[in-house]
Amino acid sequence: MTDTDSTVVHWRKRLDSSMLRWQARVETAGADNALPWLYATVLFVVLLLLALARSRMLEAGTGLATVSQSLWLIGEGFKPESSLLDGANYLARQGSMIMYPLALTTKILPTVTTLLVVQSMALAVGVVPLWRLARRVAKLRVGASTAIVFAYGVYSSVHNINLADFHPEVFAVPALLGAVLFGLREKWVRFSLMIVIILASRADLGLAVAGLGILLLVERNRKAGVFTALVGVAWTVTAIFLLQPAYAGGDFPHLGSFAAYGDGHPLDVVAGIITQPFDFLGDLLSQRNFRTMVGLLAPLLFLPVVAPRYLLPVVPLYSLYLVADVTEGTLNEAQQSVPVVAFVFVATVFAIQRTGTVLVERVNVDRRIIWALVFTASVFFVVDSGSSPYEEPWAWGRRDLVDEARLDAADLLPDDAAVRASPRVLPLISERERLFALDTTGPEGEEEAAVDRVDWVVFDVASAPQWDNLTIQQFDLGLGRIGWDRVFESEGVFVYQRGDEAPPTVVASPDS
């Protein structure tokens, strides 16, 4: 053996010795209780700073404004019938009953900031049940558990959910992880609480709950498994056939997303899927969906497929998400990854357990697998995450002159005014009954549509990338011709107020 080889062996032994001493210190009960909360706190701070920085740049739009307005309406004692949804009840979309307790918080605290805080908190708290699952059920050592938590903290879908405005189903991420933990440990009171949170977060998550029940059956807990599966199916059926149609005026609101399989009734869609299985599989396994599935599994070394029983519960629900005709885009589709995030990491925990060997009370995992997981998760974070270093998140939060002009424009608007505004302005003025989005996606401006049902219009040039200077001037002059006064102009942000010569606003009655 050469001197170089002897040196390498010497330092490797010293490293192994140091690692063993470090693990001995943190394998205590006190450290095991404290570490997940420490990791969760660090992740919460990171996620919150990113979300607040994006919000400060006024990058949010109609989605956040819609939730904010709906919560404000609930807090004021109204139904959450958002004008940004053309008067439709927000609960018709996903049956998110959790909006009501959330409205109690936003009635006291600033709405937009509170939504971003609780969303980041919900994602970060998911670390705790994930850690407990790894340590107390899978019996992994601290090193492997920390690697899994790190992979969760840099997982692209977690960061994309955090940046995608706000979606109430985010509360299901820690609740699903907690439900698996408490179900496998037979802590039924806590398990039941998690199920309530999941179902209140989004109606179709009942299918994920049903899948969890089947998992409990496979894990030889027959009574709890059957009951959980029945609850999940019953809630899904109730939401699809009764709850959401009741809020949507009698029709299930998402039939259009599955028009390729049937229309008119949810049962038509189910029948269409059953009678057209090859079409369904073709849509499910399209190139775009295949890339999506690879993007979910690759950052975790495809380990979840090693423990398929923990991944299969979410497959039926996520298959429906993949074939649904929805608006494309990383942030637009972020909320669809909520259930799969939880089960992907559950499967990863047990897959890593299977790669290790039992030493006394803990499962010892090869360090090469642990470091490979950390490295791969980091690489895919850089490649796919909305807060990747390539997006320069350290520069977020800076407001330019256009942002200041948007804020000044928002300050001009009376609290009770009916307003139509460009998307980036909407979250700033969302706490009002009558608020509408200004559509500037077409090739030219439509003045009559812009002033319909409102007394104020806020136009942001940045929201109309297809418009040239001539189109902008024509829109400005057109509003003047129909009696509207320009009362503010700065950095491409215009505010118009209905003048004395313009026809008065006509507010439609609830029955019209």
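A cavity here is a set of grid points where a 1.4 Å probe fits but cannot get out, and its lining residues have an atom within 4 Å of a point. The structure is a predicted model. Counting cavities of 30 Å³ or more gives 1, and the largest cavity holds about 60 Å³ of space.

Which residues line the largest cavity? They are Ala51, Arg54, Ser55, Ala60, Leu64, Leu116, Asn162, Leu163, Ala164 and Asp165. By class, this lining divides into 6 nonpolar, 2 polar and 2 charged residues. Two helices, H2 (29–56) and H9 (156–163), each contribute at least two residues to it. H2 gives the largest share, 3 residues.

## A salt bridge in the lining

The model has 14 salt bridges. One of them pairs Asp165 with Arg54, with the closest N and O atoms 3.4 Å apart. This pair connects distant parts of the chain, 111 residues apart: Arg54 belongs to helix H2, whereas Asp165 sits in the loop between H9 and helix H10 (172–184).

## Helices H3 and H6

Helix H3 (residues 62–75) and helix H6 (residues 111–125) cross at roughly 110°, and their axes come within 10 Å. Angles of 65 to 115 degrees count as roughly perpendicular, so H3 is roughly perpendicular to H6.

On the H3 side the contact involves Leu64, Val67, Ser68 and Leu71, and on the H6 side Thr111, Val112 and Leu115. These residues comprise 5 nonpolar and 2 polar, with no charged residues.

## Helices H15 and H17

How far apart are the axes of H15 and H17, and at what angle do these helices pack? The axes of helix H15 (residues 277–284) and helix H17 (residues 315–323) are 9 Å apart, and the packing angle is about 80°. This pair is therefore roughly perpendicular as well.

H15 makes the contact through Phe280, Asp283 and Leu284, and H17 through Ser319, Leu320, Leu322 and Val323. By class there are 5 nonpolar residues, 1 polar and 1 charged in the contact of H15 with H17. In the contact of H3 with H6, by comparison, the class counts are 5 nonpolar, 2 polar and no charged.

Most residues other than glycine have a negative phi.

Leu301 is not a glycine either, yet has a positive phi of about 60°. The place of Leu301 is the loop between helix H16 (287–297) and H17. H17 is one of the two helices in the H15 packing described above.

Conventions
Residues are numbered from 1 along each chain as its sequence is written. This is a predicted model: local features need pLDDT of at least 70, side-chain atom pairs count only at pLDDT 80 or more; totals for chains, interfaces and linings use all residues. Side-chain values use heavy atoms; hydrogens and water are left out. On a 1 Å grid over the protein atoms alone, a cavity is a set of points where a 1.4 Å probe fits but cannot get out, and a pocket is an open set with protein on both sides within 12 Å along at least five of seven lines; lining residues have an atom within 4 Å of a point. Grid points are joined across faces, edges and corners, and a volume is the space filled by probe spheres set on the points. Helices (H or I, at least four residues) and strands (E, at least two) are DSSP runs, numbered from the N terminus. Ala, Val, Leu, Ile, Met, Phe, Trp, Tyr, Cys and Pro count as nonpolar, Asp, Glu, Lys and Arg as charged, and the others, Gly among them, as polar. Axes are lines fitted to C-alpha atoms, for helices over the stretch in contact, and angles run from 0 to 180 degrees between N-to-C directions. Angles under 35 degrees count as roughly parallel, over 145 as roughly antiparallel, 65 to 115 as roughly perpendicular and the rest as oblique. Contact means heavy atoms within 4.5 Å. A salt bridge is a side-chain nitrogen of Lys or Arg within 4 Å of a carboxyl oxygen of Asp or Glu.
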